[in-house]
Amino acid sequence: MLSIPANVSIYLCTKATDMRKGFDGLHALVRHVFERDPVDGHLFLFVNRRRDRMKMLWWDRDGMALFYKRLEAGTYQLPAAKENREGMEIDTTVLSMMLNGIDVQSARRRKRYSRVA
């Protein structure tokens, strides 16, 4: 179970990523795809071409953390990217649905209040 603080943004790289990349390779992708500093404390997700492996890169106060998950069966369903962008921001609900095998495309959100910042 992941517990992600509310102030942490989650960014998903929608293009296929080479899973041989480690800390430095993913660090460079964060700078290129999201144009963000990886040590800002946000969570960055990368999925391979077959969509059966996912890496999460996160700055944890005093160092980089890398989480890697390989599915034994099935694939990750990614949300649809807008305008052929290589990256997008998602929320914790979408991440949870992806990790639990729920089809993100067919799920519908019900209307809720959201405060515009």
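Colleague: Leaving aside its neighbours within four places in sequence, which residues is leucine 45 in contact with?
Modeller: This is a predicted model, so the contacts are computed from its atoms. Leucine 45 belongs to the residues with the most contacts inside the largest nonpolar core. With neighbours within four places in sequence left aside, leucine 45 is in contact with Ile10, Tyr11, Leu12, Cys13, Met54, Lys55, Met56, Ile90 and Leu95.

Colleague: Which element gives the largest share of this core?
Modeller: The largest nonpolar core has 18 residues. The elements that give two or more residues to it are β1, β2, β3, β5 and α2. The largest share, four residues, comes from α2.

Colleague: Is methionine 19 buried or exposed?
Modeller: Methionine 19 is found in the loop between β1 and α1, and it is among the eleven residues of another core, apart from the largest one. The cut-off for buried is under 20% relative accessible area. Because its relative accessibility is 12%, methionine 19 counts as buried.

Colleague: Which are the edge strands of the sheet?
Modeller: The open sheet has five strands in the order β4-β3-β2-β1-β5, with mixed pairing. An edge strand here pairs on one side only, and the strands that do this are β4 and β5.

Colleague: Which residue in β2 does isoleucine 10 stand opposite?
Modeller: β1 and β2 run parallel, joined by four bridges. Isoleucine 10 falls within β1, which spans 10–13. The residue standing opposite isoleucine 10 in β2 is leucine 43.

Colleague: At about what angle to β5 does α2 run?
Modeller: α2 lies across β1, β2, β3, β4 and β5. Its angle to β5 is about 105°.

Conventions:
Residues are numbered from 1 along each chain as its sequence is written. This is a predicted model: local features need pLDDT of at least 70, side-chain atom pairs count only at pLDDT 80 or more; totals for chains, interfaces and linings use all residues. Side-chain values use heavy atoms; hydrogens and water are left out. A nonpolar core is a set of buried Ala, Val, Leu, Ile, Met, Phe, Trp, Tyr and Cys residues joined through side-chain atoms within 4.5 Å. Buried means under 20% relative accessible area, exposed over 50%, partly exposed in between (1.4 Å probe, protein chains only). Contact means heavy atoms within 4.5 Å. Two strands pair if DSSP finds at least two bridges between them. Axes are lines fitted to C-alpha atoms, for helices over the stretch in contact, and angles run from 0 to 180 degrees between N-to-C directions.
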